[in-house]
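Here is a short report on one protein model.

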Amino acid sequence: MKAVVFGASGLIGDGFLQESLRAHDVTEVVAVVRTPLPVTHPKLRQVRHGDFLDFTPIADELGGADACFWGLGVSSVGLDPQEYERVTYGYTAAAAHVLATINPDLTFVYVSGGGTDSTERGRSRWARVKGRTENAVIAAFPHGYALRPGFVRPSHGTRSRTTAYRWADAAVAPLAPLLRLLRLAPALMTDTSELGQAALHLARHGFSRHVLENRDIVSVAAAARQAAAARGRR
């Protein structure tokens with residue numbers, strides 16, 4: 001499998017990157033970046049590109065891709081609404097257009113978030129924009145999926161570059177064991193490794209729905225780990 005990762009310098013994209021590099025059936029990982037990542041691996045090829053509204057100049061680099069994992073995103077807090085829509089919808093739609101031309105059967109996994117508005121008519125602007133993006137991905141690919149995680153905790157020793165998110169994670173960390181004990185964690189919380197595992201499982205096996213909520217993500221990631229454990233016992 002050849003996997004393309006967008007947003008690999010961020011928290012969620014790093015989860016996609018690390019799990020793809022570890023996967024037994026991923027032969028090549030292409031990270032589309034603006035600046036080089038401080039990561040080297042025999043499977044990894046970094047493609048530097050500046051205009052994220054037009055990926056046609058690097059279409060040849062993306063050729064042969066079987067899956068795209070989209071972890072690129074920005075917070076809407078304090079951001080100009082037009083800029084938020086340009087990054088959230090515009091970048092994703094531009095990549096989807098090129099990748100659908102290359103391989104319409106490609107699996108495209110887009111990370112949005114809990115509370116996303118797929119009707120595109122709700123009061124929350126960010127939720128409408130995320131919903132529009134989800135809908136565009138699902139319309140472009142028969143194997144298009146939207147992941148809607150709740151709170152995402154870091155894995156692989158990675159920390160968010162966003163100060164507020166680091167503070168939030170520090171606040172949530174002591175509560176994580178209690179949430180697991182009360183069996184609330186699967187509905188409220190996941191981590192970047194689970195997002196990566198779930199995305200890979202979707203690329204391998206698909207899913208009965210195109211939109212996966214937090215509980216679905218945790219369940220699919222568990223299925224991926226079980227399959228990996230079964231391979232190890234053979």
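Contact means heavy atoms within 4.5 Å. By that rule, Asp216 touches Phe207, Arg209 and Val211, not counting residues up to four places away in sequence.

This is a predicted model: local features need pLDDT of at least 70, side-chain atom pairs count only at pLDDT 80 or more, and totals for chains, interfaces and linings use all residues. Residues are numbered from 1 along each chain as its sequence is written, and side-chain values use heavy atoms, with hydrogens and water left out.

**Two buried residues**

Buried means under 20% relative accessible area, exposed over 50%, and partly exposed in between (1.4 Å probe, protein chains only). Helices (H or I, at least four residues) and strands (E, at least two) are DSSP runs, numbered from the N terminus.

| Residue | Element | Relative accessible area |
|---|---|---|
| Ala31 | strand S2 | 0% |
| Asp216 | helix H9 | 16% |

Leaving aside neighbours within four places in sequence, Ala31 is in contact with Val5, Ala8, Leu37, Leu44, Arg45, Gln46 and Val47. Ala31 and Arg48 lie 17 residues apart in sequence and 8.4 Å apart in space, C-alpha to C-alpha.

**Helix H3**

H3 runs over residues 81–102, 22 residues in total. From first C-alpha to last, H3 reaches 31 Å, close to the 32 Å expected at 1.5 Å a residue. That expected span is 1.5 Å times one less than the number of residues. H3 has a kink of about 30 degrees, centred on Gly90. The bend at a residue is the angle between axes fitted to the seven residues ending there and the seven starting there.

At the start of H3, a side-chain oxygen of Asp80 comes within 3.0 Å of the backbone nitrogen of Gln82. The buried residues of H3 include Tyr84, Val87, Gly90, Ala95 and Leu99. The buried residues pack against strand S1 (2–6), helix H2 (59–62), strand S4 (67–70), strand S5 (107–111) and helix H4 (125–140).

**Nonpolar cores**

A nonpolar core is a set of buried Ala, Val, Leu, Ile, Met, Phe, Trp, Tyr and Cys residues joined through side-chain atoms within 4.5 Å. The largest has 31 residues; those with the most contacts inside it are Phe16, Leu17, Val29, Phe69, Leu147, Leu195 and Leu212. Elements giving two or more residues to this core include S1, helix H1 (11–22), S4 and helix H8 (192–205). H8 gives the most, with 5 residues. Apart from this core lies another, of 25 residues, among them Phe52, Ala95, Tyr110 and Val137.

Note on methods. A polar contact is a pair of N or O atoms within 3.5 Å; within protein, one must be able to donate a hydrogen and the other to accept it, and residues adjacent in sequence count only if both atoms are side-chain atoms.
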